[in-house]
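Hi everyone, thanks for coming.

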Amino acid sequence: MGADPATLFLISAGISATGSLVQMQQQRAAAAEMTRRYEQEKRVAYVEGLQAENARKEDMNRILANNRAVRGASGVGDSPSFDAIQQDVIDVTNKDLSAIRLNAAKVQTSYDRAIFNTKSQAYYSTIGSVINAGSTIVNGWNYYNYYKTPVKSQPIKTDAAGRILGGI
């Protein structure tokens, strides 16, 4: 004993709708994982930027200290040219630090964009899955009703001689 076509259409619609909802859950989980990964990479980029800044500051401090040691060993007192060299080292370092900060901010911004895009895709994918599941159910219900509704037969019209009128 088999199920009638109307019931099969309804069952098929339910299975398809369930598949859409399961797919939605999987897409949400994947998006959450991607967002987590991007956030972690953003934090790593921030720390790497700080490390680059600290390394550059250490280089500057080493150069300034070496210059002071050379000045002290040479016996040269206050010198405007020495002060200018020291200030030049500081100025170059500040420019380098600005570039390092800018590059770190650009990397972090690209991760922010990736996070936003991933969340947006997950949101619209969820909406699409819900709409797909809903339309599948409505479509299946319509088929069910169509096949369950009895067909109304209309009387055949004949003329006085018994011939069918209206052609079939």
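A word on the ground rules. This is a predicted model, in which local features need pLDDT of at least 70 and side-chain atom pairs count only at pLDDT 80 or more, while totals for chains, interfaces and linings use all residues. Residues are numbered from 1 along each chain as its sequence is written, and side-chain values use heavy atoms, with hydrogens and water left out.

So, how many helices and strands does the protein chain have? There are two helices and zero strands. Helices here are DSSP runs of H or I with at least four residues, strands are runs of E with at least two, and both are numbered from the N terminus.

Now the shape. The C-alpha trace spans about 135 × 35 × 15 Å along its principal axes. The radius of gyration of the protein chain is 38 Å, whereas a compact globule of 168 residues would have one near 15 Å. That radius is taken over C-alpha atoms, and the globule rule is 2.2 Å times the number of residues to the power 0.38.

How much of the chain is buried? Of its 168 residues, 20% count as buried. Buried means under 20% relative accessible area, exposed means over 50%, and partly exposed is in between, with a 1.4 Å probe and protein chains only.

Next, contacts, meaning heavy atoms within 4.5 Å. Among contacts in the protein chain with a separation of 6 or more, 79% are between residues 24 or more positions apart.

Let's move to the core. Which residues make up the largest nonpolar core? The five are Tyr 38, Ala 45, Tyr 111, Ala 114 and Ile 115. Helices α1 (5-74) and α2 each supply at least two residues of this core, and the largest share, three residues, comes from α2. A nonpolar core is a set of buried Ala, Val, Leu, Ile, Met, Phe, Trp, Tyr and Cys residues joined through side-chain atoms within 4.5 Å. Setting aside neighbours within four places in sequence, Ile 115 is in contact with Thr 35, Tyr 38 and Glu 39.

Now for our single residues. Thr 118 sits in helix α2, which covers residues 80-148. Is Thr 118 buried or exposed? Thr 118 counts as buried because its relative accessible area is 10%. Not counting residues up to four places away in sequence, Thr 118 touches Ala 31, Met 34, Thr 35 and Tyr 38.

Thr 93 also lies in helix α2. Its relative accessible area is 0%, so Thr 93 is buried. Beyond the residues up to four places away in sequence, Thr 93 touches Arg 56 and Met 60.

Gly 140 has its place in helix α2 too. With 4% relative accessibility, Gly 140 counts as buried. Its contacts, leaving out residues up to four places away in sequence, are Phe 9, Leu 10 and Ala 13. From C-alpha to C-alpha, Gly 140 and Thr 109 are 46 Å apart in space, and they are 31 residues apart in sequence.

Finally, Tyr 146, again in helix α2. Why does Tyr 146 count as exposed? Because its relative accessibility is 61%. Tyr 146 and Gly 162 are 16 residues apart in sequence and 34 Å apart in space, C-alpha to C-alpha.
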